[in-house]
Structure formats: structure tokens, C-alpha cells
Amino acid sequence: MRKLILTIILIGLMVGGVFAQNDDKAKIRIVHLSSDAGEASISLNDGDTELMQEIFEFGDVSDWEEVDEGTYSIAVVPAADDIEDAI
């Protein structure tokens, strides 16, 4: 559990605030780097709108996603659990 929380913190530091360089769009990517956390479901939200939800295994890297400039919330939960129970 401690490693899952560390993973969430690291993702938050990388994706927490997204800033665009031009055209008011930013590109982000999510990477699962916790070798013993197991599969995780990671969701990226802008308010009530879900922009992305994928299941990641260790070493998985998402495609580049183009998003509007702003602040986003990230939910991470073990893949077997419901995303509403995320931390």
C-alpha cells in the first residue's frame, strides 16, 4: 500500500498541473513505475469529465494525450477495485 501511495504522489507531481506551451493545449503521458504495486487503474479527470481511464501494469506507458491547459485530478486504484474507492 505504501508503494501505491508513493506512485500516486509521483504521478501527481508529474501531471498535477498541466501547462500549455502553445495553442492552449498540453500533452501528457502516464507511466507505471512501481514494480511491486501490481496492476493499477488510473483515471484522469477534469472536474466531472473523465478524460482517460486505463489499466496499467509495471512499465506501461500511455500514448501522449492532448488536453486543455488547467489542473486535473488523478485517481489510482488497484485494478481489481472500483475507481470510486481510489485514493
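Helices (H or I, at least four residues) and strands (E, at least two) are DSSP runs, numbered from the N terminus. On that basis, E66 sits in strand β5, residues 65-68.

This is a predicted model: local features need pLDDT of at least 70, side-chain atom pairs count only at pLDDT 80 or more, and totals for chains, interfaces and linings use all residues. Residues are numbered from 1 along each chain as its sequence is written, and side-chain values use heavy atoms, with hydrogens and water left out.

**Fold and burial**

Read from the N terminus, the order is α-β-β-β-β-β-β-β. Buried means under 20% relative accessible area, exposed over 50%, and partly exposed in between (1.4 Å probe, protein chains only). Of the 87 residues, 31% count as buried.

**Core**

A nonpolar core is a set of buried Ala, Val, Leu, Ile, Met, Phe, Trp, Tyr and Cys residues joined through side-chain atoms within 4.5 Å. The largest one here has twelve residues: A26, I28, I30, A40, I42, L44, M52, F56, V67, Y72, I74 and V76. Four strands each supply at least two of its residues: β2 (25-28), β3 (40-46), β4 (49-56) and β7 (73-78). Strand β3 gives the most, with three.

Which residues are buried and which are exposed? The table gives the class of H32, G70, D81 and E66.

| Residue | Relative accessible area | Class |
|---|---|---|
| H32 | 3% | buried |
| G70 | 27% | partly exposed |
| D81 | 43% | partly exposed |
| E66 | 51% | exposed |

H32 lies in the loop between β2 and β3. Its C-alpha is 9.3 Å from that of I42, ten residues apart along the chain. G70 belongs to strand β6, residues 70-71. For E66 and A26, the C-alpha separation is 5.5 Å, at 40 residues apart in sequence.

**Surface charge**

D81 falls in the segment after β7. D81, D82, E84 and D85 gather in a patch of negative charge on the surface. Patch residues have over 30% relative accessible area and no salt bridge, and like charges are joined within 9 Å. A salt bridge is a side-chain nitrogen of Lys or Arg within 4 Å of a carboxyl oxygen of Asp or Glu.

Methods:
Patches are made of residues with over 30% relative accessible area and no salt bridge: like charges are joined within 9 Å, nonpolar side chains (Val, Leu, Ile, Met, Phe, Trp, Tyr) within 5 Å. Accessible areas come from the Shrake-Rupley method with a 1.4 Å probe; for residues, only the protein chains shown count as cover. Lys and Arg count as positive and Asp and Glu as negative; His and the chain ends are not counted. The place of a charge is taken as NZ of Lys, CZ of Arg, CG of Asp or CD of Glu.
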